[in-house]
Amino acid sequence: MTGPALCCVWGRAYDLGMSLIYDTTMHPSKLELLAGWLPTQPWFTGDIAHLVSLGAYRFDDPEGEVGLEGYLLTAGDETVYHVPLSYRGALLEGGESFVVGTSEHGVLGTRWINDATGDPVFRAVLAAKIAQGGSEEDLFLQSAEGELSTLDRAVHVRGSGGPGSPVPELWDAVVEDHGSRVELSTGFAALEVRRVLNPAESSGSVAPNAQVLRATWPGQLDPVVLATLTV
């Protein structure tokens, strides 16, 4: 397995308006946990021995409690997998079936790492990013001495909505897997998160009334659909 190190969970610095990455370790790493979890998913068809991270985007939890991150991965061929994760300091109530694994973080202690499609905080933030034209967070590395340095962002995302647009409530959404995509719906609104991406299809077969979150990453300059929001 190769790719950028996946060892850090971050915190929110509200006075600075940015996401902080701790310069520390996680055991096992996120990539190691994903290497065990992905083969159990019916939509994953890759070779886990060749798992590579193309990068990730990060969102902030407005309450500063839950880490939110979306990984783009390949595994031996051209298929790109989209795996959103959430990080919590305790097991999400009712979220046992979404647990990817636990890891020991050098600063934050035990972290529960989840398939974020089952996390209501991720659903709320993703819907807001799409509806209001949001993007990934700026990243800064915090050393053990408290010094900050800027980190490059390999993955860039952007919602198709506009500032101030209404955001539907998806806290109690029903989660339904449909192979290469997962639908999070309430009856009044629906999020669709795409697990398997087609970089050659920039439009992504989006419904006419849907808003979208699109991404670019190194080697992929044409935006690719990661998720849609329909109200």
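The model is predicted, so to speak of local features a pLDDT of at least 70 is needed, side-chain atom pairs count only at pLDDT 80 or more, and totals for chains, interfaces and linings use all residues. Residues are numbered from 1 along each chain as its sequence is written, and side-chain values use heavy atoms, with hydrogens and water left out.

Six of the eight residues of H1 are buried, so the helix is largely enclosed by the rest of the structure. Buried means under 20% relative accessible area, exposed over 50%, and partly exposed in between, using a 1.4 Å probe and protein chains only. The buried residues are Lys 30, Leu 31, Leu 33, Leu 34, Ala 35 and Trp 37.

Now follow Trp 37, which is buried at 9% relative accessibility. The whole structure holds four aromatic pairs (rings of Phe, Tyr and Trp, the last by its six-membered ring, with centres within 6.5 Å; planes under 30 degrees apart are stacked, over 60 edge-to-face, the rest tilted). One of them joins Trp 37 to Trp 43 edge-to-face, at 6.0 Å centre to centre and 65° between the planes. Trp 43 is buried too, at 7% relative accessibility.

Another pair, Phe 44 with Tyr 81, is tilted, at 4.8 Å centre to centre and 45° between the planes. This pair links distant parts of the chain, 37 residues apart: Phe 44 lies in the loop between H1 and strand S4 (51-59), and Tyr 81 in strand S6 (residues 80-88). Phe 44 is buried at 9%, and Tyr 81 at 1%. Together, Trp 37, Trp 43, Phe 44 and Tyr 81 form one aromatic cluster.

Conventions. Helix = DSSP H or I, 4+ residues; strand = E, 2+ residues; numbered from the N terminus.
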